[in-house]
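Okay, thanks for coming, everyone. Let me put the model up and then walk you through a few spots in it.

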Amino acid sequence: LALGLGETTSNGQMAKYGNALNYPTSAESVDSWLDAISLPQCKPAFKGMSVAELCKLDNATLLERVPAAGHRKRIVLALQALSAAQPAVSVEEKPKYNSTS
């Protein structure tokens, strides 16, 4: 069961992000994504970043930007959901040529 922004659960209550199964799978901006995962206080750490750049962060950079372990864990889980929903980019391999031919 994947719930999106503003969706309601089967009992009519608003869905709250925090469960690993219901993080947002899309984002228009980093700020709106941080709001959706209830971490607006982390906005200064990611100011000026695009969603694509956010998805490419490594653990060391994330640790520098978000020192609080709980917040960082929520970001990692939410990034996994966001990245899994992004379309895969296929890279065409160039043919390899033998230099002696």
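Start with Cys55, which touches Leu79, Leu82 and Ser83, leaving aside residues up to four places away in sequence; a contact here means heavy atoms within 4.5 Å. Cys55 sits in helix α2, and helices are DSSP runs of H or I with at least four residues, strands are runs of E with at least two, both numbered from the N terminus. Cys55 and Ser83 are 28 residues apart along the chain, yet their C-alpha atoms are separated by 6.4 Å. For the cut-offs, buried is under 20% relative accessible area, exposed is over 50%, and partly exposed is in between, with a 1.4 Å probe and protein chains only.

Before I go on, the housekeeping. This is a predicted model, where local features need pLDDT of at least 70 and side-chain atom pairs count only at pLDDT 80 or more, while totals for chains, interfaces and linings use all residues. Residues are numbered from 1 along each chain as its sequence is written, and side-chain values use heavy atoms, with hydrogens and water left out.

So how confident is the predictor? pLDDT is its confidence in each residue, from 0 to 100. The mean for the protein is 77, and 63% of its residues reach 70 or more. Over residues 1-8 the pLDDT is below 50, and that stretch has 18 contacts in the model beyond near neighbours in sequence. Where pLDDT is low, the predicted coordinates should not be read in detail.

Now the overall layout. We have four helices and zero strands, so the pattern along the sequence reads α-α-α-α. Of the 101 residues in the protein, 25% are buried. Take the contacts between residues at least 6 apart in sequence: 42% of them join residues at least 24 apart.

Let's look at helix α4, residues 69-85. It has 17 residues and reaches 25 Å from its first C-alpha to its last, close to the 24 Å expected at 1.5 Å a residue; that expected span is 1.5 Å times one less than the number of residues. Which residues of α4 are buried? They are Arg72, Ile75, Ala78, Leu79, Ala81 and Leu82. The buried residues of α4 pack against α1, α2 and α3 (59-65).

Arg72 is the one I'd stop at. Arg72 is buried yet has no salt bridge, and the nearest side chain of opposite charge, Asp58, is 11 Å away. For charges, Lys and Arg count as positive, Asp and Glu as negative, and His and the chain ends are not counted. What does Arg72 touch? Leu62, Leu63, Val66 and Pro67, again not counting residues up to four places away in sequence.

How many salt bridges does a search of the whole structure find? One, where a salt bridge is a side-chain nitrogen of Lys or Arg within 4 Å of a carboxyl oxygen of Asp or Glu. The partners are Lys43 and Asp35, at 3.0 Å, N to O. Lys43 is partly exposed at 24% relative accessible area, and Asp35 is partly exposed too, at 40%.

Last stop, Ser38, in the loop between α1 (30-36) and α2 (51-55). Its phi is near 60 degrees, a positive value in a residue other than glycine. Ser38 is partly exposed, with a relative accessible area of 33%.

Terms used:
pLDDT is the predictor's confidence in each residue, from 0 to 100.
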